[in-house]
Structures are given as C-alpha cells and as structure tokens.
Amino acid sequence: MKNKKNNRFMPLVMAICVVVGILIGTFYANHFSGNRLSIINSGSNKLNNLLHIVDDQYVDTVDVNDLVEKAMPQILSELDPHSVYISAKDVQTATDDLRGSFSGVGIEFTIRQDTLHVQQVISNGPAERAGLIAGDKIVKVDGDNFTGKKLTNEEAMHRLKGPKDTKVKLGVMRFGEKKIREFVVTRGDIPTRSVTATYMLDRETGYIRIKNFGENTYPELLIALSRLAQNNFRNLTIDLRGNTGGYLQSAVQIANEFLPKNRLIVYTQGRKSPRQEYRSDGRGSYQQIPLVVLIDEGSASASEILAGAIQDNDRGTIIGRRSFGKGLVQQPIEFNDHSMIRLTIARYYSPSGRCIQKPYTAGDNKDYEEDLLTRYEHGEFFSQDSIKHEGPAYKTSLGRPVYGGGGITPDIFIAEDTTNVTSYYKQASMSGLIIQYAFEYTDNNRQKLKDYNTLEDMERYLKKINTVEAFADYADKHGLKRRNLMIQKSHKILERYINSRIIYNMMSEDAWMHYLNEDDPAIMETLKVFRENNAFPTAPQQEDQQKKVA
C-alpha cells in the first residue's frame with residue numbers, strides 16, 4: 001500500500017524536479033555568462049567534454065583556462081572578421097577611446113631609444129599640475145628604472161594609468177639637466193576627444209574633424225558648432241577621413257542634427273535581430289545648412305552610417321574615396337572574469353537599402369584584411385572608374401543612383417596624389433624616420449620653437465631653416481641613403497610631412513589639421529562645391545536618366 005502511494009506521487013515529484021532543474025540551469029547559464037548571454041547546452045557539448053577529458057586524463061598538467069583563452073579568438077575568427085574575443089586585461093584599453101575619459105596621468109608619449117619621452121602634456125591635467133612639461137623623459141616609476149628593452153607602450157600604459165586619486169612617483173630627466181627630478185602625480189580623469197579640430201576654412205565655411213564616435217562625440221560636436229557659430233559660418237564640412245567608427249548611437253545623434261523629421265538614418269537586421277530603424281526626430285538645429293562630408297578608405301562603421309544617411313537623404317555632398325565597408329553590428333557580451341566577446345548579431349543598411357558591409361569569407365580573413373591593398377593595386381585610389389560595384393544600383397530620396405557592395409562611394413571622387421612620390425619618400429615615411437627626426441628636432445629646439453605662437457609664424461620659420469635638407473642628413477646617418485634627385489622631386493611632400501609633425505609636437509591639433517588642409521585636394525574641392533552652391537544634391541534630369549538606361 002505504501003509503495004502504491006509512492007508510485008502515485010512519483011510523476012508529481014519528477015515534474016517538480018524537472019522544473020527546479022530548469023530554473024537552476026537557467027540561473028547558472030545566465031550567471032556564468034556575464035548576465036547577457038543565454039547558452040543552450042546540448043546533451044553532448046563536445047568542447048566542454050574535450051576540455052574536461054584533457055584536464056582529467058592528459059599526460060601532463062595543463063592550464064585549461066589558458067587553453068580556453070587561446071581557443072576563444074580562434075572560434076570567433078571562423079564566423080566573420082569582426083566577431084572578436086577581448087581578454088580581461090585588454091578590455092579597458094579596448095574601450096577607453098570610446099568612453100570619453102579614462103584615469104591616468106595625462107600625457108601623450110612616444111618611446112624612443114628605449115626611453116619614454118613626453119610628447120604633449122594635457123592642459124590642466126594631473127601631469128601638468130604636478131609640473132611635467134613636453135620634452136621630459138620619464139626614466140623611473142615608483143622608484144624602479146623605467147628604461148630599456150622591456151619598456152613597451154603596453155607596459156607604459158599599465159604603469160601610468162590607474163584608479164582615480166591614486167599616486168605615482170615619476171623620475172624625470174629634463175633637457176639640459178643632469179639630475180633626475182622627482183614628481184608625485186595624482187591620477188585623475190583624462191578626457192578623450194573625438195572632435196579633434198574645429199576652425200574656419202574660409203570666411204563662410206566651418207570645418208570639424210571627428211576622429212571616432214564615442215560616448216561624448218555628440219556633445220563635443222554641439223560645442224564645435226557653437227564655436228563656429230561665433231564666426232557666423234554658413235557652410236559646414238565634416239571630416240570623417242580615417243575615422244574607424246565607434247558607437248552607433250553617436251552617429252545617429254549627429255545625423256539627426258542635420259536631417260528633417262522622420263528621415264531614415266540607418267536600419268539593422270540579422271537572423272535573430274528583427275529590423276530596427278533609426279529615424280530623425282526633426283529637432284536638429286542645422287537642417288538647412290549646406291553640408292559636405294569627407295570620407296576615405298579609412299572611414300568605417302559609424303562613419304559610413306553618417307555618410308550614408310547624408311547621401312541617401314540627399315542632404316549633402318560626399319567627397320573623397322570609397323569608404324572601408326564595415327557594416328556588421330557587434331553586441332558586447334561580458335563574462336564573469338570581465339573578459340568579453342563582441343559578437344556580430346546584425347548588419348547595417350543605409351536608408352536606400354544598401355548593405356554597408358563588404359564581402360568576406362567566413363573563417364578566411366586573409367582577403368578581407370588585404371582588401372585595401374587589393375584596391376590600391378587595382379587602381380581604385382587613383383581612378384573612379386576602377387571602383388567595383390557589386391549588385392544593383394539603389395536610389396536616394398531624389399532618385400540619384402548609389403551603389404552597394406561594400407562601403408559608401410562618394411559623390412565626388414578625389415584621387416590619391418602620387419605625382420611627387422618616390423621610393424625615397426616611401427622609405428622615409430614607412431620606416432618611421434620622419435616621425436623620429438621631427439620628434440628629436442622638436443625635443444632639441446623647444447625653447448626656440450616656443451617663440452612662434454601662430455601657425456603662420458611657425459610655417460615661415462620651418463620653411464626658412466629647410467627641414468628637408470636637415471632630415472636628409474639625419475636619415476643618411478640612420479640607414480636611409482641620400483638620393484638627391486628623388487629628394488628634389490619629393491621636396492614638397494617631404495616638407496609637408498616633416499613640418500606637420502613638428503607643428504603637431506608643438507601646437508594644437510587644430511593648428512596641425514589647419515596646416516595639413518592648406519593644400520589638400522579634398523578641401524579645395526569642398527570649397528569649390530560651396531562656391532558653386534552645389535552642396536545640396538539635386539534630382540537627375542529625365543534625359544540624363546534615359547541616357548544612362550540606353
């Protein structure tokens with residue numbers, strides 16, 4: 001009788017056990033995957049079983065955690081080029097540029113001859129308040145020697161960054177002094193700027209350079225626009241060249257500032273991610289200003305979202321070269337040990353329906369990684385006709401044809417100028433000798449260079465002293481043989497590169513970009529567009545459309 005009672009309740013007991021098991025399993029799946037990842041564990045998870053077998057039975061002792069760390073990147077590399085694993089120690093470095101700030105001492109440095117040189121000191125930052133100046137050499141940190149082969153960028157970042165309000169003691173060699181000075185620096189919040197240059201190209205045209213799209217990019221842009229408004233700007237150029245992207249939301253906020261109400265900015269869609277649209281709300285303050293956006297092969301991701309939104313809505317003119325073609329959406333997923341993966345979950349599409357992502361082969365990133373080199377060799381950087389468009393043409397809001405197949409193709413193409421490029425120039429720039437010379441020259445002449453407060457004065461002085469000739473002597477002593485005919489042919493671009501680096505070392509990024517833009521073909525074309533009132537694209541004429549069809 002007792003057994004019958006037990007048998008009668010057995011189904012209920014089993015059901016309760018199943019429910020409890022599901023709840024416990026769900027809790028642990030969520031808990032141990034960083035609270036954002038739900039993993040369905042099949043009955044025979046080969047990977048887990050393999051690790052367990054290796055740990056339990058392998059002939060030698062094995063660090064299973066180390067195996068997992070090495071396996072994670074390999075597994076993700078089989079998916080697409082942008083799904084990546086970031087170890088716990090690298091997470092902060094990977095996100096600092098986009099966060100808007102990090103905690104550290106507040107210097108920009110370079111490592112030369114196994115020594116850390118302070119290139120710039122951030123204004124009103126911890127290092128400046130402690131007394132450090134550009135040109136100082138940090139040779140000790142907290143009493144330990146800080147020079148030699150072991151000194152790397154990673155090690156320097158590790159030792160100089162740290163929690164806010166913590167202290168670090170720096171031993172510094174200053175130019176002209178033989179004794180080490182000691183400074184105690186209290187680490188603090190160091191802002192990372194996305195908008196790195198703001199100035200007037202001419203009386204009517206404002207210029208804003210955006211380096212990446214981080215947490216503070218939109219408010220930085222509004223501040224930059226306010227600065228330009230004080231100069232009564234009537235046209236605007238946004239420079240996204242070399243901008244590798246960042247946060248989607250920042251790009252959407254900026255596009256919203258220039259678009260009329262209810263215009264599609266971008267949409268995302270994936271296998272498990274339903275279509276999500278981002279539209280303008282009509283509150284932007286600059287919906288009517290003539291606009292040019294500059295892009296090149298280094299413009300990617302969020303840069304392409306902004307450029308695509310402006311182009312497809314016929315809101316401005318895109319000038320430059322075809323952008324990179326990064327249109328995969330990554331979701332950050334954190335693990336318990338604070339490592340994370342960035343997993344591709346969807347694709348970006350411009351308002352006309354173009355997929356921004358260029359083609360790739362899952363598990364084989366070689367062609368993808370060499371795509372820019374392939375484009376260069378194919379002639380795409382020098383001729384618009386060399387651009388390969390895959391798939392059909394799409395239409396902007398005015399009916400202009402635009403093309404998919406990866407990246408944003410500009411409305412006005414700017415070829416890379418190689419007229420005066422020689423093998424000597426290539427060796428000088430690629431070897432790093434120009435940057436090395438410019439830094440050493442700056443370091444040895446800071447007191448004299450401080451006398452030149454304006455960009456115009458600095459330019460005149462550098463031209464007068466003939467930095468190209470001085471560089472050629474320096475390079476010759478460091479393994480790059482002098483080639484007088486080549487130096488003469490490349491003189492202008494050598495001078496531009498050398499002097500720009502000295503200006504960068506001594507002055508603001510505004511001044512540096514101002515100097516580089518003075519004879520930049522894309523900037524010249526931009527000013528021409530504004531002069532001719534062509535910043536607002538127009539619908540193609542019917543006869544033109546017929547000609548294209550014919």
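A residue counts as buried when its relative accessible area is under 20%. In this predicted model, helix H9 (residues 302–312) is mostly covered by that criterion, with 11 of its 11 residues buried. The buried residues are Ala302, Ser303, Glu304, Ile305, Leu306, Ala307, Gly308, Ala309, Ile310, Gln311 and Asp312. The cover over H9 includes helix H8 (248–256) and several strands, among them S13, S15 (291–295), S16 (317–320), S18 and S20 (401–403). Just after H9, Asp314 adopts a positive phi of about 50°.

Tyr267 belongs to strand S13 (residues 264–269) and Tyr349 to strand S18 (residues 340–349), so the pair ties together parts that are 82 residues apart in sequence. Both tyrosines, Tyr267 and Tyr349, are buried.

Tyr360 and Tyr368 pair in another geometry. Their ring centres are 6.3 Å apart and their planes stand at 90°. Planes over 60 degrees apart count as edge-to-face, so the Tyr360–Tyr368 pair falls in that class. Tyr360 is partly exposed, because its relative accessibility is 27%. Tyr368 has a relative accessible area of 8% and is therefore buried.

Ring pairs also build a cluster, which links Tyr437, Tyr441, Phe471 and Tyr474. Elsewhere, Arg321 is placed over the face of Phe381, at 5.8 Å from the ring centre.

Helix packing was examined for H2 and H3. Helix H2 (residues 46–57) packs on helix H3 (residues 64–77) at an angle of about 150°, and the two axes are 11 Å apart. Angles over 145 degrees count as roughly antiparallel, so H2 and H3 are roughly antiparallel to each other. Their crossing is right-handed. On the H2 side, the contact is made by Leu47, Leu51, Val54 and Asp55. H3 supplies Val64, Leu67, Val68 and Ile75. In an α-helix, residues three or four places apart point the same way, because there are 3.6 residues a turn.

Definitions and conventions:
Residues numbered from 1 in each chain as written. Predicted model: local features only at pLDDT ≥ 70, side-chain atom pairs only at ≥ 80, totals over all residues. Heavy atoms only, no water. Helix = DSSP H or I, 4+ residues; strand = E, 2+ residues; numbered from the N terminus. Buried < 20%, exposed > 50% of the residue type's maximum accessible area, 1.4 Å probe, protein only. Phe/Tyr/Trp six-rings, centres within 6.5 Å; stacked < 30°, edge-to-face > 60°. Lys NZ or Arg CZ within 6 Å of the ring centre and 35° of its normal. Axes fitted to C-alpha atoms, helices over the stretch in contact; angles between N-to-C directions. Parallel < 35°, antiparallel > 145°, perpendicular 65-115°, else oblique. Left-handed = near helix turned anticlockwise from the far one by under 90°. Contact = heavy atoms within 4.5 Å.
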